[in-house]
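Visitor: I have a model on the screen and a few things to ask about it. Please take me through it one step at a time.

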Amino acid sequence: MKKKKLQKTNAIRMLDSAGVDYHVHEYSWSEGHLDAKSAAEKAGMPLGKIYKTLVTLGEKTGVTVACIPVANELDLKALAKESGNKKIEMLPMKDLEKTTGYLRGGCSPIGMKKSFPTYIAAPAEVMEKIVVSAGKRGMQIEISPSDLVNITDASYADICMG
């Protein structure tokens with residue numbers, strides 16, 4: 001039987017060209033279940049390992065990206081402080097694709113249209129691997145947090161509620 005060829009996304013092409021080690025997880029998805037918790041269930045991975053990508057707008061810095069564990073909520077005040085903004089809010093969903101090049105449910109912190117300030121929730125720093133979107137619905141990338149920091153020029157930050 002022929003093995004299905006992996007459809008490369010911008011994120012995967014960027015990792016390949018940088019020589020970064022990663023593993024792709026694919027799963028079936030549906031329009032009503034695009035959230036990261038559904039992705040974790042479908043891909044059969046523990047929730048604590050899956051990080052969702054959230055895109056925000058700061059009044060000073062503009063677009064800012066946050067990667068946090070799926071079970072957590074983003075602390076907008078903490079992200080604003082960390083990113084040098086007084087106030088930060090979620091990017092309107094209608095602007096996601098034109099801003100990042102990615103659709104809801106498939107937004108990767110890697111390979112966006114432009115490079116944006118990126119913050120990864122502090123718990124990732126001590127993990128061996130985390131899982132983020134590969135830039136396509138139904139596809140996730142398992143990667144070391146340090147490689148993710150390097151490829152996105154990100155910083156670790158305490159940006160989760162609680």
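**Strands, a serine and some salt bridges**

Visitor: Which residues does Ser133 contact, leaving aside its neighbours within four places in sequence?
Guide: This is a predicted model. Ser133 lies in strand β6. Leaving aside neighbours within four places in sequence, the residues in contact with Ser133 are Gly106, Cys107, Ser108, Pro109, Met139, Gln140 and Ile141.

Visitor: Is Ser133 buried or exposed?
Guide: A residue counts as buried when its relative accessible area is under 20%. Ser133 has a value of 7%, so the term for Ser133 is buried.

Visitor: Which backbone nitrogen does the side chain of Ser133 reach?
Guide: A polar contact needs N or O atoms within 3.5 Å. Here the distance is 3.0 Å, and the side chain of Ser133 reaches the backbone nitrogen of Gly135.

Visitor: Which strands stand at the edges of the sheet?
Guide: The open sheet has 3 strands with antiparallel pairing, in the order β1-β7-β6. An edge strand has a single partner, so one of its sides is left without a neighbour in the sheet. The strands placed this way are β1 (22–26) and β6 (130–136).

Visitor: How many bridges pair β6 with β7?
Guide: The two strands pair in the antiparallel sense, and β7 covers residues 139–143. One of the bridges has Lys136 and Met139 as partners. The pairing of β6 and β7 runs over 5 bridges.

Visitor: Which helix packs on the sheet?
Guide: The helix touches β1, β6 and β7, and its direction makes about 30° with that of β7. The helix covers residues 10–18 and is α1.

Visitor: What is the distance from N to O in the salt bridge of Glu142 and Lys49?
Guide: Side chains of opposite charge can pair when their charged atoms come close. Glu142 lies in strand β7 and Lys49 in the loop between α2 and β2, so the pair ties together parts that are 93 residues apart in sequence. Glu142 is buried at 15% relative accessible area, whereas Lys49 is partly exposed at 24%. From N to O, the distance is 2.5 Å.

Visitor: Which residue forms a salt bridge with Asp21?
Guide: Asp21 is in the loop between α1 and β1, and its partner, 108 residues apart, is in the loop between β5 and β6. Asp21 is exposed, with 53% relative accessibility. The closest N and O atoms are 3.9 Å apart, and the partner is Lys129.

Technical notes. Residues are numbered from 1 along each chain as its sequence is written. This is a predicted model: local features need pLDDT of at least 70, side-chain atom pairs count only at pLDDT 80 or more; totals for chains, interfaces and linings use all residues. Side-chain values use heavy atoms; hydrogens and water are left out. Two strands pair if DSSP finds at least two bridges between them. Helices (H or I, at least four residues) and strands (E, at least two) are DSSP runs, numbered from the N terminus. Contact means heavy atoms within 4.5 Å. Axes are lines fitted to C-alpha atoms, for helices over the stretch in contact, and angles run from 0 to 180 degrees between N-to-C directions. Buried means under 20% relative accessible area, exposed over 50%, partly exposed in between (1.4 Å probe, protein chains only). A polar contact is a pair of N or O atoms within 3.5 Å; within protein, one must be able to donate a hydrogen and the other to accept it, and residues adjacent in sequence count only if both atoms are side-chain atoms. A salt bridge is a side-chain nitrogen of Lys or Arg within 4 Å of a carboxyl oxygen of Asp or Glu.
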